[in-house]
Amino acid sequence: MKTIKGPAIFLAQFAGDAAPFNSLAGLAGWAASLGYKGVQIPAWDGRLIDLAQAAESKTYCDDLRGILADAGLEVTELATHLQGQLIAAHPAYDTLLDGFAPPSVHGNPRARQAWAVEQMKLAAKASANLGLTAHATFSGALAWPYLYPFPQRPEGLIETAFDELAARWKPILDAFDEAGVDVCYEIHPSEDLHDGVTYEMFLERVGNHPRACLLYDPSHFVLQQLDYLAYIDIYHERIRMFHVKDAEFNPTGRQGVYGGFQSWVNRAGRFRSLGDGQVDFSAIFSKLAQYGFDGWAVLEWECCLKHPEQGAAEGAPFIADHIIRVTEKAFDDFAGSGTDLAANKAILGIA
């Protein structure tokens, strides 16, 4: 068993245009003041990191790590959720997804995808230069609009979508393998990889690629009504990252999992600040400790009610209180008899 590292915080939801949230140094000082020990950096935010430079220059990465070290922090991982989403984008979302990419590729899905692929390969090199071993991203989605089978899906539609998804990701996974970094897909509604079954469909198509790993976030499983504790039992060998995020699901006679097109505050399933939702974090931290997860416990704050700064301030002690310092000895060692093989045979009546 190993002790989880933390607490850490994902900076994506806190970066802004006003100090201290508009620079890595500012955010580092703020996060450290709240008790965090690490930060996860969104690789799409130029205020926090120049991804191309990080991929090219070890000196730049050393300087970035120095900024964090001055505040007593480490970089836990880089994240490319926006770029990963563009690896596979159904045409229904083309207009919406253009905002994830630079203007030079807007209105050109093929060029936008090529840009995203290059971004992912830069992220692999940047992660290696930063001394990281795991990376957070989304899978993208070709099949998501066909989640519910009506109108009836044409035979082979989903298989074709997953074949293509795997073909697009395989070269990227190879690039991360060359860099020595795991790709950790955040299993998430709106992604083709949104539960265990779809992950297995993908994993089979990429030949059980050793770098096709998982980012565990229980909040998305609460909203899907998936057993998030059994998920750890099944997939613990592939879980390389952990987003500590809370949620609640309160169905009514009017709505359930699909949410009735309502705003977040009016949905049956809602993201909440840590401790305000229904996730059993004591059980989660226990299972992760049991299986030897030694990555970071990273707060991903999202809440439809609470102010983000309050959520961040409450998040660090919440995570710290749940991290289990794993034991190096059995609790009943005091009662050990200290016998040897010969004594054991005597006890069993074995000649």
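Biologist: Take Arg205: is it buried, partly exposed or exposed, and what is its relative accessible area?

Modeller: Arg205 is partly exposed, at 28% relative accessible area (buried means under 20%, exposed over 50%, partly exposed in between, using a 1.4 Å probe and protein chains only). Before we go on, this is a predicted model, so local features need a pLDDT of at least 70 and side-chain atom pairs one of 80 or more, while totals for chains, interfaces and linings use all residues. Residues are numbered from 1 along each chain as its sequence is written, and side-chain values use heavy atoms, with hydrogens and water left out.

Now, who is Arg205's partner? Its side chain meets that of Asp163 in a salt bridge, 2.7 Å from N to O (a side-chain nitrogen of Lys or Arg within 4 Å of a carboxyl oxygen of Asp or Glu). Asp163 is partly exposed too, at 43% relative accessibility. Arg205 sits in helix H8 (residues 196-205) and Asp163 in helix H7, so their bridge ties together parts that are 42 residues apart in sequence. (Helices, H or I with at least four residues, and strands, E with at least two, are DSSP runs numbered from the N terminus.)

The largest nonpolar core has 95 residues (a set of buried Ala, Val, Leu, Ile, Met, Phe, Trp, Tyr and Cys residues joined through side-chain atoms within 4.5 Å). H7, residues 157-179, supplies the largest share of that core, 9 residues. Ile9, Ile41, Trp169 and Phe202 have the most contacts inside the core. Leaving aside residues up to four places away in sequence, Phe202 touches Phe162, Leu165, Ala166, Trp169, Leu173, Tyr185, Leu193 and Ala212 (contact means heavy atoms within 4.5 Å). There is also a second, separate core of 11 residues, with Ala79, Ala134, Cys184 and Trp296 among them.

Another bridge runs between Asp276 and Lys306, where the closest N and O atoms are 2.7 Å apart. These two link distant parts of the chain, 30 residues apart: Asp276 is in the loop between S9 and helix H11 (281-290), and Lys306 is in the loop between strand S10 (296-299) and helix H12 (308-322). Asp276 counts as partly exposed at 28% relative accessibility, while Lys306, at 17%, counts as buried. Elsewhere, salt bridges that share partners join Asp177, Asp182, Arg211 and Arg240 into one network.

What about the cysteines? The structure has 0 disulfides (a pair of cysteine sulfur atoms within 2.5 Å). Cys184 is buried, at 0% relative accessible area. Cys303 is in no disulfide either, with the sulfur of Cys304 the nearest at 5.2 Å. Cys303 also counts as buried, at 15% relative accessibility.

Finally, the strands. Eight of them close into a parallel barrel, in the order S1-S2-S3-S4-S5-S6-S7-S10. Strand S3 (residues 74-80) is joined to strand S4 (residues 134-137) by 3 bridges, and the two run parallel (two strands pair if DSSP finds at least two bridges between them). In that pairing, Thr80 stands opposite Thr137 of S4. S3 also pairs with strand S2 (residues 38-42), again in the parallel sense, over 5 bridges. There, Val39 stands opposite Val75 of S3. S3 is mostly covered, as 6 of its 7 residues are buried.
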